Amino acid sequence: MRKETKFLTLLFALMLPACLFAQIVINGRVTESKTNNPLEGATVLVKGTTNSTQTGADGKFTISVKNLQVKLVISYVGYLSQTVDASTNIAVSLSVDNTNLGEVVVTGLATSVKRANLANAVASVSAKDLVGTTVQSTVDGALYGKFTGANISANSGAPGGGISVKLRGITSLVANSQPLFIVDGVYYDNSSINAGLNVVSKAAGQGSILFQDDPSNRVADLDPQDIDHLEILKGASAAAIYGSRAAGGVVIITTKRGKTGKPRIEIDHSIGMQMQLHKLGQREWDDTKVQAAFGASGLAYYTANGKKIYNYEKELYGNNGLMNNTRLSVSGGNERTTYYAGFTRKDDEGIVKKTGYRKTSFRLNLTQKVTEFLDLAVNANYVESEANRGYFNNDNTSTTLGVSFVSTPSWANLYPDANGNYPNNPFAPSNFIQTRDLITNKEKVNRTLLGGNATWKVFTKDKQDLKIIARGGIDYYTLNTIAIFPQELQFEKDGNGTNGVSIYGTTITRNSNYSFIAVHEFRPNSMLNFRTQAGITEENVDINNVVNTATQLIGTQTNVNQAGSISVAQLRTLQKDRGFFVQEEFNYNDIAIITAGLRGDKSSRNGDANKLYYYPKLSGAFNIHQLPSWSSGKISQLKIRAAYGQSGNFAPFGAIYTPLVPVVFNGSTGSLIGLTEGNNLLGPEKQSELETGVDVGVLHNRITLEFTYYTKKVDDLLLNVQIPTSTGFSFAWKNVASIRNKGVEIGLNAVPIKTKDLKWTSQVNFWKNTAKVTKLDVPAFNTGAFGATLGTYRIQEGKSPTQIVGIAGPGDKTDPESGLGVFGDAEPDFQLSFLENLTYKNWEFNVLLHWKKGGRNINLSTLLSDIFGTSPDYDKKSLDPTGALANGPYRLNALGTTAKPWVEDASYVRIREIGLSYHLPKVWFKNIADVKVGFSGRNLFNWFKYNSYDPEVSNFGTNAISSNVEVTPFPSAKSFNFNINVNF
Amino acid sequence: MQMKPYFIIHKLRNMKYYHKNIIAIILSSLVVFSSCKVEPINDPNNPGLGPISANPTLGEIQNLVTGIESGMRDNINFYLDDAGVIGREFYRFSTSDPRFTSDLLGKGTAVLDNNTFYITNPFAARYRVVKNANILLDGLTHTTATITDAQRKVGKAYANTIKAHELLMVLNLEYDNGIRVDVSNPDALGPFLTRAQSTDEIANLLNTAYTDLSANAAAIFPFSTTLFSNTAGEFAKFNRALAARVAVYKSDWNGALTALTNSFFNLNGDLNAGAFYYFSSAGGDQLNPMFFPPNSSGEARVAQPSFITNADPGDTRLSKTPLRASSTTQDGLTSNYDFFVYKTNIDKIPIIRNEELLLIYAEAKTQLGGASNFTDAITAINKIRNAASLANYSGVVSQAALIDEMLKQRRYSLYGEGHRWIDMRRYNRLNTLPIDRAGDDIWVQFPRPANE
C-alpha cells in the first residue's frame, strides 16, 4: 500500500496545479454534552498524524483525509477526549473531565505530556484552584495544601510574602532548598534579600550567625492572577532535565494566553479586611505579681500610674487592615495573533499600623504565527511593589517591636503625651509604639520579566516532523530596601544607639537564560511514537547588592549622606552555567510510555568550572487499561509507573573561595580572615530519586486515586561544617553528608454528586515524608536556633536532619551518644488536605481544609515573655505535672536545665480558604456580561494548641534546616474578602 | 493489535531513517555545546587567601596588620563579661539573653555549656587573630616587596607577640583544659597542651619575638601599628609588659621583674600609659562594646554591690561605679550601681597598662619577700593608693598582708578589665568571692568548645 501511495502522490503531483488531491472531506460538529452548546476551539486530530483542525464558533469543523480508514481524536481542554471512527459526517459531544487525566502537563524543557501518560506524580494547579476561591497575595502562598508532597510555611505575617516551600522533605542542609521557579521558560529569581536591619537588631552575632531580618522572597512579585496553570516537579525523577538547579524541585508556571475569538474582558474587584489570626491576651496583674517581676521600682510605677492596664496586643496587632485588589484583563486574537493583557492593582494594609503591601502588575503576552512554519511568542511583565514590613523577629538589643512588646508589662504607659512626645519605656530599651510610629522598613521592587520563544517547524511530514525551538528570557529587577530608625527613638537617642540609623539598600538583579532545542517526532505507524529532543542551555546570574548604612544622623534627615558615619557593603553574585540535554520518549499506543534522558551541566559555581556533571533519568508508565484485552468494566483506568532521575544543587555562592573580609579600624581599613574556609574542590550536591506509583480510576474515572511512593537520596550534601575554631575559621565547606527522604503521597479525586443542578467534586490529599541522615563524615553537631539550652537542631547519622535536641533534665528522653534531650522533629507526621467544590445552579462553594499533624517548633517568644513576666499564661497552671508551679515559673525553672518547655507541637487544622459565590443571572445583563459576586476568606478558622500566634512561623526565613523557630514574629493574619467579577 | 515485543524490535530495526535524524540532532547539539567554555569566576567580593599569603604587597601587609588589630577587639566584651561576671565584679543584665545571669553565675542547676556564645565567641575570635598573624608570617616570608631583612624579622616578631597575647587570652578562659598553640595548618592542628606547657609556649613566643625586636631595635616595622610604637625597640616594651604578666601567672617572680625592667613600666609614670583596643563611630568601625549609658534598663552592666561596700572610704576608683537613679533587678539580682568604666561608646579598652605593671611589680616584690622587697612593694602600692586619693598603706607589713593589699588594689585598679577572676584563681581564693543567690556556683574555667 505504501508504494501505491507514493505512486499516486507522484502522479497527482505531476498533474498539479490543474488538479487537487483526491481527498475525502469530513464535516462535523462538536458540542458540550450537558448544555448541547457548540464547543469553539476544540481540536480534531487524525490519529497518528499531525493533520488537525479546530472547531469554529458554531462548533463545526471540516477536515480532509485520504481515506476513511482512520480515527479522529476530538479534544478540548477540561473535557474528556474522544476517539471516533472517521465518516463523512460526524457529531461528537464532549463531557467535562472530572479528572485531569486529559490535561497536558508541561514536564520538559520543550515538551509536554498528557497526564494519563505521565510516569511521575506531577502536581498541577489550575488558575481556578490557585485563585478561584479567594484573593491571593503571592503565588507560593496560594499553593498551601493544594497538592501533595509539599511543606509550605509562611515565615511570618508580615505583608508582602516570605514563604518557604520544601518539596518532598529536606533536600539540602545549607544550600538552597527552595524550588526553582520558571515562568514561561524564564528562570524566575526567588532571592530573599536582607534589608540590613542587623545593625540595629544585632540578631546575628550572638546566639546565631544567621540574619533574621524576615525579608520577603521575590517570587512574591509574580501576580497569581496572571497564571493559567502551574506544574510542580517535586523531585529529581521528574526534574532531572533541569540538572544542577533542580534539587529543590521545579515549579513551572504558564501564564494566560489569548484565545482566538472575540475579545474577552474580565474585571475583578475585591475588598476585604485582615486581622490578627490568633490573639493571646495579656497577663493579669496585681501588686504581688508586679513586685515579683519588676521589683519595688516596678511596683512604685504601677501604683503611681493608677494601676492602669493598657491593651497593647490590640494596640500593636489590632489594626483591621483594609485590602483592595483590582484586576482587569483583556484577551483575544485571530488565527495568526493572540494577545492577553492583565493588570492588577493590590493595596493591603497589615494588622500592624503602618505596615502594608502594594503591588501593581502589568502583563502582556503575545503570540504570532509568522508563517505556517514559524511561531513567535513574547511575554512581558512589569511589576512595581512596595512592602512595609514593620520591625520584628529576634534581636539582641530588645528593640524590635516583637521583643519590646513581650518585655513590657501591660501597665507601663507608652502612649505619647498631648504634644506627641513618646515616653521612654521604663522596662525595656524600646517604646514599641514609638518604634512602630516612627520607623520605616520597606522593600520596593521594580521588576521586568521578558521572555521570547520562537518555534521553527523545519519539516512536517506524514510520519515525522522536526521543530527547532529558540527561547530566551531576562529577569531584571531593582530592589530597594529602606530602613529608617530616627534619632528620637528611645533606643537611638541619649547614647543608647547610634543617634539614628538610615539603611538604604539597592539590589540590581539581571538574570538571563537561553536555550536551543530540537524536537523530532517520528510515527512509524499509528501505534508507535518516538520523540527525540536535544538542546543546549545557558543561564547567567548577576546580582549586585549594595547596602549603605548611615548612623549619627543629622537631625531628622534620612538621606544616607546626612549622617556622621556611613558604611557601605557590597555583595556580588555572579554565575555562569552551560548545559546540554538529550531525551528520548517512546510511546506505544498510550499503553507503554518510556522516557530516557541525560543532562550535563557545568558551572562557575563548582570548584572546577569546566567539569561536566551528568544527570540521567529513566521512566516508564504502563497503562494497563489501554490493553486491548482489558475489559474490567468498573475500573476505567489502571496505570503503574516508575521513574528514576538525578539532579543537583549548587553550594551557596562563595563556598569555593576562602576570603579575607574587610574591617575598619582606627581610621584605616584592613583584611581579616573570613569565618569560613572555602573549598576549591567543591562539586554540586547530588540527588537521586526513585518514584513508583499506581493510578486507578473507577466509574468512568469519577473516582481516581493516585498513589506514589518515593525514595529520594541526596548525596555529597554540603555543610558549612563547624570546625575547630582554633583553625582561625569557624566553618568550612565540605561535601560530607547524605540524607534519605522517603514518602507516600495519596491523591483521591471524586465526583460524589453530579446532577443537572448540583455537582460536588472532592479532592483529598495525604502526604507524609520521613527523612534520615544516612551518612555523616563529621561528628554529629548542633545547628540552627540558639544553642542547646533553648533547643537546637542536630545533624546526626541515623536521625532525622530536623530533629530538635537540647539540654536534658530529669525525665527527658536523651540520646545516649550526646547526652542531649531529644524533643521531637520539625518534620510533620503527615499532612492531609481537603479541597471541596460544590456547585448548585448559580451558586458555588469552595473550601480548602488543611491538617498538618505533628512537627515541632522552638518557641522562644514564650521564653522572652516569661523572663519579663508578661506571658499571658504566666499564672495558669497547666504544665507542671506536680501542679505546684504556674506555667511561667515552671518554664523559667527549666531554663538551663532542660530545653523541653520551648519545643512545642506545631500541629494545626485550618480552613485555609473558603469561598461562596453566585453567578447573577445572565439575562440581567442582556447576556453581555457574566457577573459573579462572592464572599471568601483565608485562614478564617484555625485549631492549634501551639502557645503563640501561629505554628506556621520561621525566624530564619527560608533557611533549609533552621526554620520552625519562633522569636516574636510579625503575627499571622486571617482575612475575608467580598469579590465581584465581571466577564464580557 | 496484540502487544508483541518482537514486533516493536522488528520495527525499531527498520528505522535507519529515524536513527540518522536522532544522531544528527544529538551530535550537532554536542558539537555546539563542546565549544561552550565556562570561564572560572574569581571571588567578586573579597581578596583571596591564596594570593595574599603567596606574595602580598606592602599595602596588603598593612591590611593584614589592621585586620589583626581590629580582630583583637572582636568579642572582647564576651571575654570581659565572662571574667567580670564570674569574678563577681559586675552583673551583665540582658533582656534578650538570660544566660549571662544563669549559666555564668551557675544559677540553680545551670552549668557552663561548651557550645554557647560566652565561650565559643571569644575563643574563636582570638584564634581568628592568630590565623591572621599566621597569614602575616607567611606573607612576610614570601613577599617580594622591598623590605629589609631586619624589617622582615621584626615584622614577624610583631606577629608572634600578637599571637602570644591572643593565646594567653584563650588560656585564661580554658585554664586547666589547656590550649592548642600550633594552629598553622587547619587540616593538621597541633595537640592541646597542658596549662603549664601552654604557658611556657606563650612565654617562648614572646621571648623569641623579643630577641629579634631587641636585636633590631632601630628597625621600623614595614607597616604601622596602633600598638605602642612602629619602632621595634619601643614595641619590645609592650612585648615585655606581656611577658611580665605571663611571668606572674607562672609565679616566676624574678622573671617578672626582669621583664618589667625592659617594659614600659614606670613607677612615676602615667598609670594609663599602655597599649589599647581602639573604637570609633566611623562607618564600619566598632563601638566600645563595654559601654552602656548610665541608668540603662534591660541591656545593662551593673556593679556587684560588694565592690562598693568593700571599698575604702574615699576611693576615687568608685567613679567606675556611679549610683543609679533607681535600682535595677533581673533574675533575682539587684544593684544600685552602674558599671561605668568607659564614659563614652568610643573609649579605648586597655590591653595592658602601667597600673597593672606597678601591681605586677608589687606582687613580684612581695612574693620574693624580705624587708627591702616589701618596701619596694609598698612604694608601688602607695603610688596606686595615692592615685585613688587614698592614704599610704598603713597595714601590717607581712607577705600575707601585702598579698591581700595587692589583690585588693588589683580589684579596684583593674576593675572590669578581666583580672579579678584570674587573680582569685591564681591565689586559690575563688571560694572567697560573694555568692548572690543560694545555689550559685563560681566556675574555675570554661569547658573546651564542643567543636574542638
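Helices (H or I, at least four residues) and strands (E, at least two) are DSSP runs, numbered from the N terminus. Two strands pair if DSSP finds at least two bridges between them. The model described here is predicted, so local features need pLDDT of at least 70, side-chain atom pairs count only at pLDDT 80 or more, and totals for chains, interfaces and linings use all residues. Residues are numbered from 1 along each chain as its sequence is written, and chains are lettered from A and ligands numbered from 1 in the order in which they are written.

Chain A has ten helices and 48 strands. Its C-alpha atoms fill a box of roughly 110 × 70 × 60 Å along the principal axes. The radius of gyration is taken over C-alpha atoms, and the globule rule is 2.2 Å times the number of residues to the power 0.38. For the 984 residues of chain A, a compact globule would have a radius near 30 Å; chain A has 30 Å, which agrees. Buried residues make up 53% of this chain. A residue is buried if 20 or more other C-beta atoms, placed from the backbone, lie within 10 Å of its own; it is exposed if there are 12 or fewer, and partly exposed in between. Two residues are in contact if their C-beta atoms, placed from the backbone, lie within 7 Å. Among contacts in chain A between residues at least 6 apart in sequence, 68% join residues at least 24 apart.

Chain B has 15 helices and six strands. A compact globule of 452 residues would have a radius of gyration near 22 Å, but chain B has 29 Å. The C-alpha box of chain B is roughly 115 × 60 × 40 Å along the principal axes. Of its 452 residues, 50% are buried.

Domain bounds come from an automatic or database domain assignment. For chain A this gives domain 1 (21–96) and domain 2 (173–983). Their C-alpha centres lie 44 Å apart. Seven residues of domain 1 are in contact with nine residues of domain 2. The domain 1 side has one nonpolar, four polar and two charged residues. Ala, Val, Leu, Ile, Met, Phe, Trp, Tyr, Cys and Pro count as nonpolar, Asp, Glu, Lys and Arg as charged, and the others, Gly among them, as polar.

An open sheet of five strands in chain A has the order β10-β15-β16-β13-β14, with mixed pairing. The edge strands, β10 (123–126) and β14 (186–188), each pair on one side only. Within this sheet, β15 (residues 227–233) and β16 (residues 250–255) are antiparallel over six bridges. A:Glu231 has A:Ile252 of β16(A) as its bridge partner.

Further along chain A, β42 (residues 843–853) and β45 (residues 908–920) run antiparallel, joined by ten bridges. A:His850 is bridged to A:Arg910 in β45(A). β45(A) also pairs with β46 (residues 930–943) in the antiparallel sense, over eleven bridges. There, the bridge partner of A:Gly915 is A:Ser936 in β46(A).

The contact between the chains takes 85 residues from chain A and 85 residues from chain B. Several elements of chain A each supply at least two residues, including α5 (287–304), β24 (501–522) and β25 (528–553). The largest share of the chain A side, twelve residues, comes from β26(A). By class, this side has 38 nonpolar, 40 polar and seven charged residues.
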